[in-house]
Structure formats: structure tokens, C-alpha cells
Amino acid sequence: MDHPENSNEYKGLQVNSGVNSAPSVNPYRRRRVIPTLSPGDYVEGILKGDVSVLGRAVTLVESMAEHHQVIAQEVIEKCLPYSGRSRRIGITGVPGAGKSTSIDEFGLHVIGRGGKLAVLAIDPSSERSKGSILGDKTRMEKLSQQKEAFIRPSPSAGSLGGVARKTRETIVLCEAAGYDNIFVETVGVGQSETAVHSMVDFFLLIQLAGTGDELQGIKRGIMEMADGIVINKADGDNIDRANLAAAQFRNALHLFPPTPSGWTPEVLTYSGYFGLGIDKVWDMIDRYFDYVIQSGYFTRKRNEQAKYWMLETIDEQLRHNFYSQPQVAKLLEQKELRVLNNEQSSFTAARDVLDFYFSLIAR
């Protein structure tokens, strides 16, 4: 580009051309091509404990693409005979209770005893952008460095039911890969707990003391699902408050009906940040598994869960098939207008749409 400053009018002044900027991408760097795997390749890699293959298989399970789901279901079917030999532990608590920090310490304890651990964390998604932070690995600094640990956050993406099913399928893959301990961390106290409770053997509720009304959590149905309750941050000046909260929870547990397993939930205190009392928490979990295995409840509960997820999958597939029919969607719009204009009741409109759907699939 010619600069006007280089004309004869401006003797003694010269502006040189600029230097072309270097490309931001290295032209000599070759893009690594990831080879496509067959279902047999996935299964072989998973059974060998290949973490990269396991991660790719979980991505297939989480994918919404139909051709990915076909491959994922074939992989799951072939891995099923190698699954079931693990301890599945659900971990929940209010946001800020220290779930991720506690899992970091619990995980190190498990690995120290010679076990392998898979952590499946359901991460909340934004209702607006549908995006998730997926930052659980950053809060499990020590555990994420262990080769015996596999940490996988999954976005809820606004559909806890779908994520719960995919998490259960991921459990099968992790067990086939040799992980004998599975932690499922939930979004927080709420709807997700019921789904997670239906896929784990032991349900651990993490509570806090000194945050106001310690008995507030007792009003929730979550207490009835808990097999063990632990009061976190029992350290420093908070020890007395933690012990008082533990006593209050023990008294409150007497107000609930007996658990289906016959096990009496225990209440303990510990500190996830300082790693205090972790061995006592794990001893409680050991006692629970000894109890339910001897009583036969362990096998009975696993069978009930398998049946539950079969029925849930049927419900999900029926719902998807119903709403994916273009003719049904068109009729739904018409019926919605009639209902909103008080021309038809909600119940008769629903009956008409269902009758049309059943006649459609019967053709």
C-alpha cells in the first residue's frame, strides 16, 4: 500500500510497509485423525480397561444421534455379562455441602485399599443456553491425577430422566472396564435424587451444620432414601455444631418408617477438606454391604432396579414415538386451541389425540 507520507512533499519522512502477520495456526502441524471403531473394537478396548475407548463409548451413549445410539446399545449388550460386580454408591447433598471435595477424599481412600473408582457426576445445565460447566474434575484435584480413577461429568441438558438412563448405561460400561466402585454424584437435593436412588446400592446424604436450621432437610423425602447421613466440615470451631446436628438427625430418623432393607441408617461426622473421619464413613458403608448381602436384599434390589429401568425405557420410547409423529403434532395444536377457547375439555381432547395415535400406529 502506498503511503502519502512518501511523496516529495514530505522529504526526510518515509513510511515502510508493515510486516505480514504470521498465521495463527501452525501450517506444519498435521491434524490427528481419530480412527473409527466398530462395536467389537469398543468392547475389546473397554474390557482391556482402555480409558480413551471407554470415554468414547460413554460419548456414544450420551449422543442424541440415532446411528450413535445403535452402536452404543450393541456395545452395552456385549458388556452386560461383564458388569454387576461393583459397589454403586449415590452421593447427594445441598449445593455447597462439599460433595466434590468429599468424593476426592473418599476416592483416594478407595484407591488406597486397592480398588478402582469411576465417578459419574450429573452436572446441571442452563435452562436458557442448555450449556454446562462440567467442572467437577477441577474440584477433584487429587483424584483426577490417579490412573485408577475415571471421572466423567454429564450435562443434565434439561432432561434428568434421559441423563439418568444414560448414567445407568455408563455404569455398565465402567463395570465392564474393571471399576469395582462407582460413585454417582447428583445435581443437588431435588428431583435427580429419586432417579439416582434407583440405580445405586447405597445412598449417602451429605449435610452441613451451623448453616441455620439443621432440621430443614428432615422435611424432605430425601431422608427416607438415605442409607447413611454424614455431617461434613466437622473441624475447628464447627465440631460441636456438627455433633449437635448429628444427634438431631439421629433422633429424627426414629420418626421415619423402617427401611425396606431393614438397615438402620447411621449418622456420622467428618471433614472432607481435612480428610478427617473418612475411614469411619467407609467402615459404615462396609457394614451396610455386609448386612444387605447376607440378608439377600442386595440381589433383590438389583433385580427390582433392572425391572424399573426396563419399564422407564419403555415409557421414554413411547413418549418419544408419540411426539415425533407429525400428524399427532398437528392434531395437538388444533386440540390446544379448542381447549384454550373453552370449546373442549382437556380430558376429552387428550382422549381424542390418543385415539388418533393408536389408530395411526395400528395401520
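Predicted model: local features only at pLDDT ≥ 70, side-chain atom pairs only at ≥ 80, totals over all residues.
Two residues are in contact when heavy atoms of theirs lie within 4.5 Å. Setting aside neighbours within four places in sequence, Leu 54 is in contact with Ile 46, Phe 150, Leu 173, Cys 174, Ala 177 and Tyr 179. Leu 54 also belongs to the largest nonpolar core, a group of 50 residues. Along with Ile 46, Leu 173 and Ile 231, Leu 54 touches the most other members of that core. Apart from this core lies another one, made up of 32 residues, with Ile 89, Val 119, Ile 151 and Trp 263 among them.

Glu 175 is part of helix 6, which covers residues 160–176. Glu 175 has a relative accessibility of 6%, and because anything under 20% counts as buried, so does this residue. Once residues up to four places away in sequence are left out, Glu 175 touches Tyr 82, Ser 83, Gly 84, Arg 85, Ser 86, Arg 88 and Ile 182.

Searching the whole structure turns up one cavity of 30 Å³ or more, and the largest cavity holds about 30 Å³ of space. Its lining is formed by Leu 120, Ala 121, Arg 152, Ser 154, Thr 167 and Thr 170.

How values were computed: Residues numbered from 1 in each chain as written. Heavy atoms only, no water. Core = buried A, V, L, I, M, F, W, Y, C linked by side-chain atoms within 4.5 Å. Buried < 20%, exposed > 50% of the residue type's maximum accessible area, 1.4 Å probe, protein only. Helix = DSSP H or I, 4+ residues; strand = E, 2+ residues; numbered from the N terminus. 1 Å grid on protein atoms, 1.4 Å probe; cavity = no way out; pocket = protein on both sides within 12 Å on 5 of 7 lines; lining within 4 Å. Points joined across faces, edges and corners; volume = space filled by probe spheres on them.
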